[in-house]
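Biologist: Could you take me through this model, and tell me for each description what stands behind the word?

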Amino acid sequence: MPRRFPNIVLTGTPGVGKTTTAQQLVELSKSADPSSSHIPLKHLSINKIAKEQNFYDSYDEELQTNVVDEDKLLDHIEELISDGEGEGGWVIDWHVCDIFPERWVDLVVVLRCEDTNVFYERLTSDKKAETGETRGYEGKKLQENIDAEIFGVLAEEAKEAWPNEGQVVELQSVQAEQIEENAERIWTWCQQWVKDNAG
Ligand code: DAT
């Protein structure tokens, strides 16, 4: 059965603002004009799920990070996504994007923070939107993530996995006001998708 609402992958290097933007987007969908057609967007934070369900495979000492068992994760998410007759409306928030089957996804948004000084501050000093903890990256982990953002690694991976014109959109997330602008833009796209795919 075709989806009634679009599924979106919201990706980008850790610290670009995925969670903050996903939260704003879901708020927009809740506060939308009730006379317009309702689009129930749901935030699917993969970090949160992996932690809650303990989908960790091992721990990477060098990068100081848990390695996620992608098979277990995908099985679990597939169940969630196909629940409710697969009506859609999922905002999938993770820094990895190319493991999700193409058929699940209608739009891929890659958030970018191409100002290295700002990004450095985010990774070392800012709090994660998800948990409120300071990220406090250092050493190799800090360097790898800064490099990944400078070289646009996530955007490249997304374009390889979704090569069709218009499937991948890159949005800058450097300044605070861009959070709302980006959420508004994705929301407008969702409304258009529903109009185009109605019936
Ligand atoms: P992610 O989910 O991509 O790891 P986040 O949503 O936790 O990122 O955001 C990390 C921190 O940066 C958080 O304190 C909010 C802040 N932030 C995110 N996007 C921003 C932006 N465009 N301008 C200013 N601060 C931003």
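Modeller: Of the 199 residues of the protein chain, 31% count as buried, where a residue is buried if 20 or more other C-beta atoms lie within 10 Å of its own, exposed if 12 or fewer, and partly exposed in between, with C-beta atoms placed from the backbone. This is a predicted model, in which local features need pLDDT of at least 70 and side-chain atom pairs count only at pLDDT 80 or more, while totals for chains, interfaces and linings use all residues. Residues are numbered from 1 along each chain as its sequence is written.

Biologist: Why is Phe-5 called buried?

Modeller: Phe-5 has 21 other C-beta atoms within 10 Å, and the definition asks for 20 or more, so Phe-5 is buried. Phe-5 lies in the segment before strand S1 (8–11), strands being DSSP runs of E with at least two residues and helices runs of H or I with at least four, numbered from the N terminus.

Biologist: Which residues is Phe-5 in contact with, leaving aside its neighbours within four places in sequence?

Modeller: They are Ile-39, Pro-40, Glu-87, Gly-88, Gly-89 and Val-194, and contact here says that two C-beta atoms, placed from the backbone, lie within 7 Å. The C-alpha atoms of Phe-5 and Gln-191 are separated by 9.0 Å, although these residues are 186 apart along the chain.

Biologist: How do you know that the radius of gyration of the protein chain agrees with that of a compact globule?

Modeller: The rule for a globule is 2.2 Å times the number of residues to the power 0.38, with the radius taken over C-alpha atoms. For 199 residues a compact globule would have a value near 16 Å, and the protein chain has 17 Å, so the two agree.

Biologist: What makes the crossing of H4 and H5 right-handed?

Modeller: A crossing is right-handed if the near helix is turned clockwise from the far one by less than a right angle, and left-handed if anticlockwise; H4 passes H5 in the right-handed way. Helix H4 (residues 116–124) and helix H5 (residues 139–150) pack at an angle of about 145°, with their axes 11 Å apart; the axes are lines fitted to C-alpha atoms over the stretch in contact, and angles run from 0 to 180 degrees between N-to-C directions. Among the residues that meet are Phe-119 and Leu-123 in H4, and Leu-142 and Ile-146 in H5.
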